[in-house]
Amino acid sequence: MSGAEEAGGGGPAAGPAGSVPAGVGVGSGRASRARAAAGQAAAALWRGRGLGSGRGACGARQLQLQEAAGDPDAPPKKRLRAAEAAEAAAAAAAAGSGKLEERLYSVLCCTVCLDLPKASVYQCTNGHLMCAGCFIHLLADARLKEEQATCPNCRCEISKSLCCRNLAVEKAVSELPSECGFCLRQFPRSLLERHQKEECQDRVTQCKYKRIGCPWHGPFHELTVHEAACAHPTKTGSELMEILDGMDQSHRKEMQLYNSIFSLLSFEKIGYTEVQFRPYRTDDFITRLYYETPRFTVLNQTWVLKARVNDSERNPNLSCKRTLSFQLLLKSKVTAPLECSFLLLKGPYDDVRISPVIYHFVFTNESNETDYVPLPIIDSVECNKLLAAKNINLRLFLFQIQK
């Protein structure tokens, strides 16, 4: 027997999968055995990835959820959802396979809030999904931090021009079953809203006598019984008058705004213009975001608008509640006090919701700027829409009050 065969341990016969032929590495049996062991380990690792069973993707998803659940910087709600999703993924992995809907949930959910998107779905250039609310929130946070917004998964740059909607995922999500919050039955997500508003027998409804003060709220299937026994139709006229007076008082406050606008429209001097707030940074050691418009002319005077976030709070990106406030500055000189009323409305092509508020101020050469007043947006979600935009486009109305 040759030395090569003695080193190989038995001739050129084929060994197990991953082993090295005996003739390779002559004179070094230890090296041959090391290479064989390395090959077997690589094969075992490759088999352990479960190419035929789909365990690799499930394991990666479960690891991602566990990391999100253990991240101390993540919001509490996200950590809780991540922990629940990780438990569900572990249970599904232990059971071998779950329902198709449950598996699709982890594939189609938003990578930020780990929930199924309710409306638009955006994706980064690498395909990671984000619901519309989280996408806008990421852009707004980046604007506040003066950073480039990035995908939370792959850290590629994201913006309204770089990201696009994924219509296939939106349609797939709309067909997934979802539970009605009232009757707990399963419906496709595309039909759930109609069911909850019009068809569900357990949906919350109000008594038809609410116009005369009945405060009852209850399930729809109990409405008929309640209305048959409701005491409000049998109340005396004086009792109903007290109830109606309170309702009229709140209604009067709402109508006061519209009556004021109609009276302002009868003024002789009225001006309006489209204004564009552009983002800037202060020169402080810790820079702060603020907005300012270019100079514009209304009522033969030169003006500027400024705006700030959360009244120049030091770290507005750490706050869930976000507001915008603005001030109007008169840049030209006046020979007499200029008394004006003004209000801001949304621009012609914006979808931000603003509740108009009328402000009054008397401008002079010594007092030529108003205090910061709230921009009357509905909530923090609308504020994030404005912060995520490249510029803020609004419409300013000015009414000059003449004595």
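Me: What makes a residue of this predicted model buried, partly exposed or exposed?
Reply: Buried means under 20% relative accessible area, exposed means over 50%, and partly exposed lies in between.

Me: Why is lysine 385 called partly exposed?
Reply: Lysine 385 has a relative accessible area of 29%.

Me: Is glutamate 382 buried or exposed, and why?
Reply: Glutamate 382 has 3% relative accessibility. Buried means under 20%, so glutamate 382 counts as buried.

Me: Why is the contact of glutamate 382 with lysine 385 called a salt bridge?
Reply: The closest N and O atoms of glutamate 382 and lysine 385 are 3.4 Å apart. The cut-off is within 4 Å, so the pair qualifies. Both residues belong to helix α11 (residues 380-388), 3 residues apart, and are therefore separated by about one helical turn.

Me: What makes glutamate 274 and arginine 395 a salt bridge?
Reply: Their side chains meet at 2.5 Å, N to O, and the limit is 4 Å, so the term holds. The pair links distant parts of the chain: glutamate 274 is in strand β8 (residues 269-281) and arginine 395 is in strand β16, 121 residues apart.

Me: Why is the lining of the largest cavity counted as 8 nonpolar residues?
Reply: The lining consists of Phe277, Ala307, Leu324, Phe326, Leu344, Leu375, Ile392 and Leu394. Phe, Ala, Leu and Ile count as nonpolar, so the lining has 8 nonpolar residues, no polar and no charged.

Terms used. Residues are numbered from 1 along each chain as its sequence is written. This is a predicted model: local features need pLDDT of at least 70, side-chain atom pairs count only at pLDDT 80 or more; totals for chains, interfaces and linings use all residues. Side-chain values use heavy atoms; hydrogens and water are left out. On a 1 Å grid over the protein atoms alone, a cavity is a set of points where a 1.4 Å probe fits but cannot get out, and a pocket is an open set with protein on both sides within 12 Å along at least five of seven lines; lining residues have an atom within 4 Å of a point. Helices (H or I, at least four residues) and strands (E, at least two) are DSSP runs, numbered from the N terminus. Buried means under 20% relative accessible area, exposed over 50%, partly exposed in between (1.4 Å probe, protein chains only).
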